[in-house]
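Hi everyone, thanks for coming.

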Amino acid sequence: MNQKSLPQVTAPAHHFTVQLSATRRGARLARLLAERQLDEWGRYFEGAPHVVAELASNAVLHGRVRGRDFRLTLKLHEDGTLRIEVTDARGDRIPRVPAPGTECTESGRGLLIVAAYAARWGVDEPPANCKTVWAELVPDRVGQ
């Protein structure tokens, strides 16, 4: 493999991470902390609070293991891309976008919200039987 084919990996310009209890209160706090951190960085992403809320609530509802927390990470890169990561303790439960035609169910639409706001999203399976669900948002035109 030559140098030209290697992707450029850049360190984030700003980085924030916090460990939160895997409770509804922890999920609400994740959203509030994300909003505050983005405000402190002077950046506005319309969908960021919604994405954080969905990923954090999924970590609490579907990724909770008694006595284990979840982690919220925000990475703001030089190009303005915001990467939101939520890591929980259930690597065996990988999120899936619901199949078409299941819109009438009471749950399962959160990842559709994430997909609507994110330029891309996915799941990484780090060691220790946990998973990280991430979403990348590009800068909004308004407020920049």
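Of the 144 residues of this chain, 36% count as buried, where buried means under 20% relative accessible area, exposed over 50%, and partly exposed in between, with a 1.4 Å probe and protein chains only. Please keep in mind that this is a predicted model, in which local features need pLDDT of at least 70 and side-chain atom pairs count only at pLDDT 80 or more, while totals for chains, interfaces and linings use all residues. Residues are numbered from 1 along each chain as its sequence is written, and side-chain values use heavy atoms, with hydrogens and water left out.

Now the layout. The chain has three helices and five strands, and from the N terminus on they run β-α-α-β-β-α-β-β. Helices here are DSSP runs of H or I with at least four residues, strands are runs of E with at least two, and both are numbered from the N terminus.

The axes of α1 (residues 24-41) and α2 (residues 48-62) come within 8 Å and cross at roughly 155°. These axes are lines fitted to C-alpha atoms over the stretch in contact, and angles run from 0 to 180 degrees between N-to-C directions. α1 and α2 are therefore roughly antiparallel to each other, a label for angles over 145 degrees; under 35 is roughly parallel, 65 to 115 roughly perpendicular, and the rest oblique. Residues in contact, meaning heavy atoms within 4.5 Å, include Ala27, Ala34, Glu35 and Leu38 of α1, and Ala48, Val52, Ala56 and Val60 of α2.

Let me pick one of those out: is Glu35 buried or partly exposed? Glu35 is partly exposed, with a relative accessible area of 30%. From Glu35 to Ala48 there are 13 residues in sequence, and 7.7 Å in space, C-alpha to C-alpha.

Asp88 is buried, with a relative accessible area of 6%. Which side chain does the side chain of Asp88 make a polar contact with? That partner is Lys131, at 2.8 Å. A polar contact is a pair of N or O atoms within 3.5 Å; within protein, one must be able to donate a hydrogen and the other to accept it, and residues adjacent in sequence count only if both atoms are side-chain atoms. Leaving aside neighbours within four places in sequence, Asp88 is also in contact with Ala59, Gly63, Phe70 and Cys130.
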